[in-house]
Structure formats: C-alpha cells, structure tokens
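Trainee: Can we go through this one together? I have some quick questions.
Mentor: Go ahead.

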Amino acid sequence: MNYLDGLNKEQREAVEVNAKYVRVIAGAGSGKTRVLTTRIVHLIMERAYNPRKICAITFTNKAANEMKHRLESMLTSDMGVFVSTIHAMCVRIIREEFEALGLVRNFTILDTADQQVILREAYQEYGYQRKELSYKEVLSYISEHKVNDISVKQAHKMASNFQDERKAKVYDYYQNRLKQVFALDFDDLLLKVRDLFRKSETILNKWQHRFNVYLVDEFQDVDHIQYEIIDFLVGNDNELYVVGDPDQTIYSWRGAKMHFIVDFEKTYPTSKTVTLHQNYRSTQNILDSANKLIKYNLDRVEKDLKSHKNSGEPVVFSNLDDESDEAYWVVRQMKKLHSEGASYLDMAVLYRSNYLSRSLERVLMDLGIPYIIYGGIRFYDRQEIKDMMSYLRMVSHGDDLALRRSIASPKRGIGPKTLEKYFNSAQATSKTMYEVIKEEVDSGKAKPRIQEYVTLIESFKAHYVAKDSIEDLMIHILEHSGLRKLYEKDEEIERLENVKALMGEAKVFEEMSSEGLAGYVQMVSLYGDREEVLEGEFVRLMTVHASKGLEFDTVFLIGMNDGIFPNRNAIIERQDGLTEERRLAYVAITRAMHRLYVSSNAGFNYVLSQRNKASRFMQEMDHEKTLHDVKGIIRNESPKETALKKFMKPASNNTRFKPADQVVHDDFGEGIVLAVNETTLKIAFNYPYGTKQIAKEFSGLRLKGDLT
DNA sequence: GCTGATTGTCTTTTT
DNA sequence: GACAATCAGC
C-alpha cells in the first residue's frame, strides 16, 4: 500500500509540497499529525533524506511518543528520526555543552515543587509571609523576568513599590541558589541554549549541521525563546516545516505568540502555505457550534471547518441546579450510553480547571464507573514518588533540596532548627548541606541521628556502585530508608503500589537507555507525566488544556459558567483574555467526534463567591436554541446512603469480596482488595502489575486459599 | 527542639 | 480537599 493512500487533495499537497519553508494551517481534526508523519515518510522514501538528519519538535511528551509510534508503524522502525519536545532537546544540548555553560553534566532540573522549596527558604530568610505574597505570584514574576531578559539587577532598579522590591529580592535569592546547586528550571533549559547559540558561533555551527530538516508541531503555541532557538537551528541552510492552527492558541499566558504562525510568510517570503479545511473528526452539528463560537473572535483569519460526516446528533445543552446535580446528570448520560453499547473509553469529561473534577469524581466513584484523571496530581508529583526520588537524587546529585526531603521522610528527629544550622554553614563555605554534614560526621562530632542518616545515604551510594541497577537500588531504599514502614504503618497500600510502578518504569528505562541513574533522575524531572497504560474501560477526565491534540467519540464539557469558563482571572489579567478563553472552548468542542454535551449549573460557587450563571459561550455556540433546564435529577442513590450501605454491610451478600481480602487473579496473581465499588473491585496486585479495577463478576478471581 | 494535631488560606491553564 | 503556618505536648 502506498503511504499517500487515503489522503485528500489538500493533505497530499501538504505532504508533497516542494519548498524550503512550509507552513501548514491545519484546522481542528483535519489530520494534522497524519500529515506531519507522512511528510517525514515522504522525505525519507521519496527524496532519500537521511532519517537521522530529520528533527521533529512536538509540544508534549505524549505527542512525541505518539509520533514515534506512528512512524514505526509506517516505516517498521523510526529509522533514527529525532522526535522530541523542545525542552527535552535542550536538555540534550546542555548535557553535551555543559562546559561552555559553566555547568556540571548532571545538572539538576527543578520542577515546581523544588522551586517552592527555594521560595520557602527565601521567605524564611527575609521574613515574608505566604499570604502577603503568594508563591504563584512570585514564580510567575521570576519566569516573566527571566524570559524577557530582565536581570536581577534591573529588577531591583525597576521595583517601584514595596511589593515589587520583595519580589525582586526573592528573585535575587532564587537565582543565586540555582547557580549554587547547579540547577536549572524549565525556563533555564531554553534560555541557556539560546544564550549559548547567541554567544558561540562554533557551537551554533555544530548544531546547525546536526539536522537538515526541522518539523514543528503546534507552531501556534511557540513562544519567543523557542522561536529564537528554532530560528538559530534552521539557520540559512536547513528546511523548516511548521504545522498549526491560530484558532487553537491556548498558551499565550505562557508566552506563546500566535504571530509566528500568522506572519510566517512575511518572515520567510519564499515560503509556501497549505491550508487544511476538511475535518474528519466531528459531525457537522458539532462543527457548527465550534464555528459559531469562534466567529465571536474578531481579528482572526477566517476559516470555516467543513465536516466529512453528516449532521449527526444535536449538541445537548443543559443547566442543572447545582454542581452535584450536574455530576449526576453527566453520569446518568454515561450510563445510558453505556447500556446502549458505548464503551467508557470513548467518553471524556473536559473542564476548565482541575478542581472542577471533584464533584464528578465523587459520583463516578459512588456509582462504580471506572475513570482516570489526567493531570491533577501527576504521578511524579505524588508524595511517595517524591520521597523515593529524593533518595535517588541524594545518590546521584546530593543536592540540598533532595536532602531536605529525604532527611524528613520518614521523620528522623532532625527538624527545622538543625537544618537551618547546616544550611547556614553550607552557605558560608559554599558547600552543599550534605558535604557539611558529612564532614561533621567524618570528624566524629555529629549527633547519632545525623550519623545514621549519612551512613544510610553512603550505603545507598555503595549499593548502586556495586549492583549498578536503579531498580535494585530502589528496592534497597524502600526497605532500608524506612519508607516501606512509613507507608505500611498508615496502611497506605496505594503508595506502595505507586512506588512499585515507579520501579517498573525504572527497569524499562534501564533496558532502553545507557544513561544511568543521573540520566533517569533528569528524565523524571523533565517528564510531567507518564505514558498512559490503557487496560480495561475508563472514562477519561482532564482539563481542556490537557485534551489538546486528542479526540473522543463523546465529550462532556462541564462547568460552563461565567467566571469559570471563561475564567474570570484570565479576563482580568490579560487584555486578550476573553479571546483566548474562547479559543480554549473551541478546542474543547472540536475534541468531540459524535456526541457533545455541554452543561452548566446554578449552584453557589465558593471560588467566585456568587451564584453561578450559564456561560456566555453557551449562547454564542447556539443562540437560536435556548438553554435547556433540567429539573428533578434522579439520583440512583445519594452519596451518603451509599457510604452508609458500605458501612453497614461490608460486602456480605452482594459480593464475594470485601476490602483487605487476599485474592488470587488468574493473570495477575496475588493481590489485596482495596475498595469495593458497585460493579468493580479495586485490587492492588503484586509488582509489576499494580492497582487495577476488576469486574466483580470476573470468574478468574478467587479468595486466596479458596480453590473453588 | 521535634512531632502531630489544628486552623487558615486558596483554588487557571503546563514544559 | 491540599498544604503550609501555628500551637500544644512530649
């Protein structure tokens, strides 16, 4: 079969276009990713480009993985095409050029939690309170200043009021601290590379020769630093192929500049543009709603999406009495669709902000519908994962942030005062806290508790050197650090399961990579999320931002209330806030293939401290039809009743199992029942299987010791 | 000086 | 409903 089969005329043109600079404007659902991957195949097969000289840049790690898989299925292997996010690519560059940057090879990458630890230090130092100056505010201040090349010195000069002076001081402290511990935050990853290219022509030259072709996905969400890096790399000789949709710019709050894609032809006068209008994803009814809504954004390039499908089911708009009613209403629709043969995997719930998932979660859990939440508390942000990672970091980096966490979990009787003391002497001698502590231990003056901690860390280091296995090291740490005891004491089986899942991943990493522990630690800091493991049937819950690039048969868009979506703060803070919110709603709508449910509720909102009213976007999506009020929600049972029932009869007559039962599964082996839901059981199986939802009726499941 | 319990504050989106 | 500052007790 020819790789061009099944492409329409526009798509084919986009794949085959012959120009050094190409822009593809790809409307939602128009086969953007397919065009991009087919272009790569085309370059290799038809034009005999060296695959190793092709670089594809995606927006998320998820998208990068997706593209690699597609390439593999079309070419039988990825053939060495480099596919990566721009952040991951910059890490590679920095690891190679660390000397020119005055860094160490295994620099630390700070995530948000690490950044907050530094802010806490600064607040303590200067006596600031979180309530008078929030971390979030300071972090965005720091980020904004950094990406706009405003140095600490300049920030101090520019500060015109007390609050700004405080922020500048924290900024100062933060930057110093980063330099001290050889750490880079996400902004730095890009900034360092950009500065390197600005500074050294030799190094730039070297990297310009690394690839011949750059393909950039989601080009509408590129910010000015990313643009500069890409521009540097493309130089005068390489090709640039960008794909995007100005109507889907949803990251301008993070610096994304739509004008890079809009004005592409001005920047590259010899460039060619192909526009994909044909939508293959959604029904015409869904697209009508999307088109109507986005028309309210003036000053945009006109582009109406045309469906490939018929009009389909009408879009359903509802207004419920309160948040809880809304959740019940959504779940009832899900159950109805499910009973008609639809799979839960085909359903997704989208919302503006993470906290909006809560009411829905409660109801889903109560009615026993399996679900996964994307984002929210990310896997790597979980307490137990951070605990384990802090020990690994002590072995690989020994940085102060890892020390602060590992020394305090589990509690070892070493508290803030003691740490403060070590911190101060570390500052005075330009050493890490661990170095100071270790010297004290070596001199024999340290207290027994401190001594124990150092012995522990040193034994972990020795263990890693001896065994050279991250997985093995983790097992060792879990046993000897006291973490296992800590989790077992609180009966937090799930935490243990998560740590085991982490081990499974480390194992995979070791099999695929030769970068060792330091490389693993960096990888974890860089990857916000794990690749999804799809087993069984799940409804998916996520923010609209997280849904970018995905599609679902049925979409429930909940919390469509003024102030929530469009978000009040977004409108206040940014001049183009409302238009971006509208684009965000446009993205949400166009995720749906066949069915779209849009709901609002009239409950009291504590965040806004006012009664909710329906979002203006609802009207804009369809002004002919009026909003459909739904009264008298039938609740199969109230959450309270269900909770009571669980309490009164612990799984005696309606199920064979109850929580804490030891069970044996035909495929997954031994496990422990964590929770009993309406139709499923939540069971923690032994490593490497982890926690799974199993249907109660499943015949391959029995009590341990029960042979029937 | 450290730990665990309690109160108070804050919820926009992410690499 | 999470997380940090604060307080009381060991």
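Mentor: One term to begin with: a residue is near a strand if one of its heavy atoms lies within 4 Å of it. Also, this is a predicted model.

Trainee: Which residues are around DNA strand C?
Mentor: Arg120, Gln129, Arg130, Tyr135, Arg358 and Arg362.

Trainee: How do the residues of that surface divide into nonpolar, polar and charged?
Mentor: Near DNA strand C there are 4 charged residues, 1 polar and 1 nonpolar.

Trainee: And what do the atoms of DNA strand C within 4 Å of the protein belong to, sugar or phosphate, or bases?
Mentor: Sugar or phosphate, for 100% of those atoms of DNA strand C.

Trainee: Switching to the fold. How many helices and strands does chain A have?
Mentor: Chain A has 29 helices and 24 strands.

Trainee: What share of chain A counts as buried?
Mentor: 52% of its 708 residues. The accessible surface of chain A is about 33200 Å², and carbon and sulfur atoms account for 50% of that.

Trainee: Which residues touch the most other members in the largest nonpolar core?
Mentor: Leu119, Leu392, Met474, Leu502 and Tyr520, in a core of 72 residues.

Trainee: Take Met474. What is it in contact with, leaving aside neighbours within four places in sequence?
Mentor: Met474 contacts Met388, Leu392, Leu502, Met503, Ala506 and Tyr520.

Trainee: Last one: of the contacts in chain A between residues at least 6 apart in sequence, how many join residues at least 24 apart?
Mentor: 74% of those contacts in chain A.

Terms used
Residues are numbered from 1 along each chain as its sequence is written. Chains are lettered from A and ligands numbered from 1 in the order in which they are written. This is a predicted model: local features need pLDDT of at least 70, side-chain atom pairs count only at pLDDT 80 or more; totals for chains, interfaces and linings use all residues. Side-chain values use heavy atoms; hydrogens and water are left out. Ala, Val, Leu, Ile, Met, Phe, Trp, Tyr, Cys and Pro count as nonpolar, Asp, Glu, Lys and Arg as charged, and the others, Gly among them, as polar. Helices (H or I, at least four residues) and strands (E, at least two) are DSSP runs, numbered from the N terminus. Buried means under 20% relative accessible area, exposed over 50%, partly exposed in between (1.4 Å probe, protein chains only). Contact means heavy atoms within 4.5 Å. Accessible areas come from the Shrake-Rupley method with a 1.4 Å probe; for residues, only the protein chains shown count as cover. A nonpolar core is a set of buried Ala, Val, Leu, Ile, Met, Phe, Trp, Tyr and Cys residues joined through side-chain atoms within 4.5 Å.
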